[in-house]
Amino acid sequence: MDNDIAKTLYSQNDIHEACVRLGEQLTTDYADKQPLVISVLSGAVFFTTDVVREMDVYADMDFIDVSSYNGGLESSGNIDLVTDLSTDVKGRDILIIEDIVDTGRTLKYIIELLYKRNAKSVKVCALMDKPTGRKIEVKADYVGFVVPDEFVVGYGLDYKGLYRNLPYVGVLKPEIYE
Ligand SMILES: O=P(O)(O)OC[C@H]1O[C@H](OP(=O)(O)OP(=O)(O)O)[C@H](O)[C@@H]1O
Ligand SMILES: Nc1nc2[nH]cnc2c(=O)[nH]1
Ligand SMILES: [Mg+2]
């Protein structure tokens, strides 16, 4: 896989440092809450497992699977709820964990769904924010890195289903894209 990468944007160490920094903030902010942490499958799983272990708070965990990219470079614009939560969110303080906020469509869909179900508060922790991609006004409350306007892979993020298990975040060589 390394041979397909044109450049590394965030190394394993960069990501670890971001998780520690975010974990400290979240530990402070959720000290007296017992949040429900919701990880957005599949991309956010890697970041979730690392960042929650830096949070020294009692927390419940759940997962939601929504998808809009079908593995490629462009958001289809339609969000599919593939697998729903198994927890009742009514009255809960929710912390959504995402790998990247790009157009904002995925987050907007999930935030609206949670408030429709009467969540008490909804905040977002994203490893990466790509503000140049934004089509919908939505913002993450906790951000690891503000990324340039490039399609990134690794540490959960895929191109055609591959590269999720790359331990760092990078950009593919142009010849890899079909
Ligand atoms: O801000 P947006 O333009 O909505 O893009 C961000 C979303 O896109 C990717 O997920 P994807 O839908 O590709 O599914 P995946 O997590 O299973 O890879 C990524 O993991 C985010 O969840
Ligand atoms: N792999 C990947 N998925 C995304 N989904 C939204 N933006 C991106 C991106 O830059 N890379
Ligand atoms: Mg995703």
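## Overall layout

How many helices and strands are there in the protein chain? There are 3 helices and 9 strands. Keep in mind that this is a predicted model. Reading from the N terminus, the elements go β-α-β-α-β-β-β-α-β-β-β-β.

As for overall dimensions, the C-alpha atoms fill a box of roughly 50 × 35 × 25 Å along the principal axes. A compact globule of 178 residues would have a radius of gyration near 16 Å, and the protein chain has 16 Å, so the two agree. Buried residues account for 34% of the 178 residues. Now take the contacts between residues at least 6 apart in sequence: 68% of them join residues at least 24 apart.

In general, strands of a sheet pair through backbone hydrogen bonds, either parallel or antiparallel. So which sense do E5 and E6 use? These two pair in the parallel sense, over 8 bridges, with E6 spanning residues 121-129. To pick out one spot, Glu98 has Ala126 in E6 as its bridge partner.

## Helices against the strands

Helix H2 covers residues 45-52, and its buried residues are Phe46, Phe47, Thr48 and Val51. An α-helix has 3.6 residues a turn, so residues three or four places apart point the same way. What covers the buried residues of H2? The cover includes H1, E2, E5 and E6.

## A look at Ile38

Ile38 is found in strand E2. Is Ile38 buried or exposed? It counts as buried because it has 27 C-beta neighbours inside 10 Å, and the cut-off for buried is 20 or more.

Leaving out residues up to four places away in sequence, Ile38 touches Asp62, Ile64, Leu85, Ile94, Ile96 and Ile97. Val89 is 51 residues away from Ile38 along the chain, yet their C-alpha atoms are separated by 10 Å.

## Around ligand 1

Ligand 1 has 18 residues around it, and the closest are Gly43, Tyr69, Asp102, Thr103 and Thr106. Elements giving two or more residues to this shell are strand E2 (36-41), strand E5 (93-101) and helix H3 (105-116). Which of the elements gives the most to the shell? That would be E5, with 4 residues.

By class, the shell around ligand 1 splits into 5 nonpolar, 8 polar and 5 charged residues.

## Around ligand 2

The residues around ligand 2 are Tyr69, Ile100, Asp102, Phe151, Val152, Val153, Leu157, Asp158 and Tyr159.

What does the shell around ligand 2 look like by class? It has 7 nonpolar and 2 charged residues, and no polar ones.

Notes:
Residues are numbered from 1 along each chain as its sequence is written. Chains are lettered from A and ligands numbered from 1 in the order in which they are written. This is a predicted model: local features need pLDDT of at least 70, side-chain atom pairs count only at pLDDT 80 or more; totals for chains, interfaces and linings use all residues. A residue is near a molecule or strand if its C-beta atom, placed from the backbone, lies within 6 Å of it. Ala, Val, Leu, Ile, Met, Phe, Trp, Tyr, Cys and Pro count as nonpolar, Asp, Glu, Lys and Arg as charged, and the others, Gly among them, as polar. A residue is buried if 20 or more other C-beta atoms lie within 10 Å of its own, exposed if 12 or fewer, and partly exposed in between; C-beta atoms are placed from the backbone. Two residues are in contact if their C-beta atoms, placed from the backbone, lie within 7 Å. The radius of gyration is taken over C-alpha atoms; the globule rule is 2.2 Å times the number of residues to the power 0.38. Two strands pair if DSSP finds at least two bridges between them.
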